[in-house]
Amino acid sequence: MSVVTNTTTIGAIDAPSRRNTELALMVFAIAISVFAYANVGLAMDGTLPSGMLGYGFGLILLGGVAHLVVRKFAPYADPLLLPLATLLNGLGLVLIWRLDQSERLIATAKSLYGAFTPSAPRQLLYSAVGVALFAAVLFLLKDHRILQRYTYISMVAALVLLILPMFFPGKFGAKIWITIAGFSIQPGEFAKIIIAIFFAGYLMVKRDALALASRRFMGLYLPRGRDLGPILVIWAMSILILVFETDLGTSLLFFGLFVIMLYVATERTSWIVFGLLMSAVGAVGVATFEPHVQQRVDAWLDPFGEKTMAHSDQIAQALMSFGSGGTLGTGLGQGHSDLIGFAANADFILSTVGEELGLAGMMAVLLIYGLIVERGVRTALAARDPFGKLLAIGLSGAFAIQVFVVAGGVMGLIPLTGMTMPFLAAGGSSVIANWALIGILIRISDTARRPAPAPAPSSDAEMTQVVRP
Amino acid sequence: MNKPLRRIAIFCGVLILALLVRTNYLQYVRADELNTRDENRRVRIERYAHERGNIIVDGNPVTTSVETKGSDFKYKRSWKNGPMWAPVTGYSSQAFDASQLEKLEDGILTGNDDQLFFNRTLSMFTGEKKQGGNIVTTLDAAAQKAAFQGLGDKKGAVAALDPQTGAILALASTPSYDPSTFAGNSDADTKAWNNLLKDKDKPMLNRALRETYPPGSTFKVVTAAAALENGLYTDIDGKTDSPLPYKLPQVSTVLQNEGNIPCENASLREALRMSCNTVFGKISDDLGNQKMMDEAAKFGFNKEIFTPVRADASVYPKDNRPQNAMAGIGQASNRATPLQMAMVAAAVANDGKLMQPYMVAERKAPNLDVIYTHEKEELSRPLSGENAQKLQQMMETVVKSGTGTRALIDGVTVGGKTGTAQHGLNNSEKPYAWFISYAKTSSGSPVAVAVVVEDSSANRDDVSGGGLAAPIAKAVMEAVINKR
């Protein structure tokens, strides 16, 4: 495969592989998580939690496997991505386990469903599946450009994934789940990656047409009418998702991702202007007609209003949770973020960070997300092929938008949407999909940073020197 | 492609920056506001996280805190003898807020009061557990017990004061309730609370402070005071100008006395002794509505009284002549709380000086430092010393040889006045039995008391202040005197 990889003959400076840096950071990430776990136990019961060994070994095993896989199959990969993802996943497990201990949530679950199932063991299982998928990506995908072959298959797959939830009953006001054999899957999480693959492949082919064939009007390059087609289709798709699945988050993510990739592919600012205009029109239009979206907007504008509180006090509870954390937080296990009740360990897990780790912890967690995005963008910059650039920026852009939409929603910065914090929140689809996302980014960064092989010897010389048995 | 990539990097940076700004805004700028909102259950969790301070009577707490199970509110209030003390302390419930002292002194009891700031800061450094302060009341446990037991199954109220200081010694109301039954926030608490609300006997009504009754004949003390103060009569043994029968002014109604008693031109002393309606009705009319209102106001009528627990305003009405004459004998629209009538007796006993009634003697910080002590305060002077002594003689005669003989205590001078207030349409309902009195020893008067018994199972003729209410007043006075 490596023959296809390097189209350039310029030998890169022999970059250090940085695998040992990664290993040191991994130790750090796992140690922080294990200490956090011990902290929760000590704060809540005064003793080290009994699951401590299992959790520690589990995390070390997952991190170790991931690291070894990277060492073997992507030796030149970015050294930060894996430790950052591991740290978030580890902290997420601690927070979920901490919320599992909440008497309030246990009582609520018992009164609603008759029984309480702790989420942390399942989350650990999902994390294992996620890391397995991560390893599989690195093992099977020797070069990210293989994905380019599946551009249109990806399109079909993404469409199917996005449309499927329409045919399943909605849960909690949004149709973003599909249920197969008792398992709930959020296809949007996977669609995010597959769509990025499709866009990257499609735009790489079409970008010249979209960029060059345009008319200048008022300082903007307006695309030709027929080139508007794809963006209109995508726009319509995201509006349909919003209307039929009442899922603001996926819709926003989907459209934002497209605009970012279109802009990068064409280098035309006009696409951004168009994109923003269209999303504004779409959002306002749908918000006027869809009661569900309206409700969310009302809750965002007036979280403590009577009307909002009567419907759901989630946002108000989340805001009070953040406020109660203050600068340094109450300490792990000592807050009352479980007052949010429903989805405290999923969509609203950030409130637990805010309350128990305080402003300091929130800033740290947000900066970790910021760093992941930064490493992704850097990978895009370093990538040597347009498909790799587009895919990397698409994935990191989607990641950034998702973080912004969820964290912004929980903190009352924008209306709340039904998405989860990558890695932190309880939920199988999210963890598994995001591990795959990190896997692809690591693969692209490995390709980008890998030193170019020595120029292939001439075929003539090869012919003569081969010794056949 | 790198130029747009860099711009997208900046865009992503802006997104993260927006989140960072927002989290700073929420957790730093708005933290205090979010933290203290009513909707924030943490406020209440914190409030019940440690033991609440106690309300103290005679050096012993009448309240306590007990740990709750299965709730995020760790401690709840409990009372040692709830029904007896509820009219004093009020309730403090996790689910239904608090009332009276429990509510007014909440800051001290929870330890959150600003006066305790230094204390709190100190214990933050010493690592002591947060505690609430204590409220030391003026109440007298023996007097309260006598009052509560004296009322027994009857509906009524007792208020007792120290005339010289205004300290409230007893404050009983029956039927009462046990605030411990709904101090938590469980379903059982809600049930108990709803049952109390539904109870048609209104057990949660503090009759000593919040119920106004027609004071009946006990009000004649005020009317007599008005007559003396305004110079209508100066000699309590001199004849008054009182015809019998006495027709109310402007109307054809003839005012009746209870029974065939010699009230014609009776002296003030005799009129009070026999409780002549005709004499005092005429005095009220002679003085006129304004003077009667003025004198009543000096005794504390027509405004709310804060002990610091609020007592309803007693009412001496602004009214026309016949109604004013009726109000002068405690009927018509004249209404008084038991506390008000205790104040009347107390002012007379204290030689005309009415002291501000109060029930909080001291507030104590959790470390037992006294942070507040009540200073006694004169509220008004409804009587001159001379007139007060005349009125004392009259009231003492009532107990010695009049309607109030049941309140006699060996070796102690007792002054009092009975009352039987009629109410309901055409006086159809059972009357209220009243008795107000004071006891006097060589060192002045240690106690003044007012007792009202609403309806009892006794029939109408038997309901008289002397019969039902006086023994309760006597028991309360004895309880106070025996301790001195």
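Keep in mind that the model is predicted. Chain B touches chain A through 32 of its own residues, which are in contact with 48 residues of chain A. Helix α1(B) gives the most to chain B's side of that meeting, with 20 residues.

**Chain B on its own**

- Start with the make-up of the chain: chain B has 18 helices and 20 strands.
- Its C-alpha trace spans about 115 × 50 × 40 Å along the principal axes.
- Chain B has 484 residues, and 56% of them count as buried.
- Now look at contacts between residues of chain B that are at least 6 apart in sequence: 68% of these join residues at least 24 apart.

- A handy idea first: interface size is often given as the accessible area lost when the parts come together.
- For chain B and chain A, the area buried between them is about 3600 Å², and 74% of it is on carbon and sulfur atoms.
- On the chain B side, Met1(B), Gln27(B) and Arg42(B) lose the most area to chain A, and together they account for 23% of what that side buries.

**Charged and polar links across the interface**

- How many salt bridges does the rule find across the interface of chain B and chain A? There are 2.
- You can look for a salt bridge between the side chains of Arg104(A) and Asp72(B), where the N to O distance is 2.4 Å.
- Three elements of chain B each give two or more residues to the side that touches chain A: α1 (2–29), α2 (31–35) and α3 (41–47).
- Sorted by class, the side of chain B that touches chain A holds 17 nonpolar, 6 polar and 9 charged residues.

- Ala209(A) belongs to helix α8 of chain A, which covers residues 187–212.
- Is Ala209(A) buried, partly exposed or exposed? Ala209(A) counts as partly exposed because its relative accessibility is 32%, and that class lies between the 20% and 50% cut-offs.
- Ala209(A) and Phe139(A) are 70 residues apart along the chain, and their C-alpha atoms are separated by 36 Å.

Notes. Residues are numbered from 1 along each chain as its sequence is written. Chains are lettered from A and ligands numbered from 1 in the order in which they are written. This is a predicted model: local features need pLDDT of at least 70, side-chain atom pairs count only at pLDDT 80 or more; totals for chains, interfaces and linings use all residues. Side-chain values use heavy atoms; hydrogens and water are left out. Contact means heavy atoms within 4.5 Å. Buried area is the accessible area (1.4 Å probe) that two parts lose on being put together, summed over both. A salt bridge is a side-chain nitrogen of Lys or Arg within 4 Å of a carboxyl oxygen of Asp or Glu. Helices (H or I, at least four residues) and strands (E, at least two) are DSSP runs, numbered from the N terminus. Ala, Val, Leu, Ile, Met, Phe, Trp, Tyr, Cys and Pro count as nonpolar, Asp, Glu, Lys and Arg as charged, and the others, Gly among them, as polar. Buried means under 20% relative accessible area, exposed over 50%, partly exposed in between (1.4 Å probe, protein chains only).
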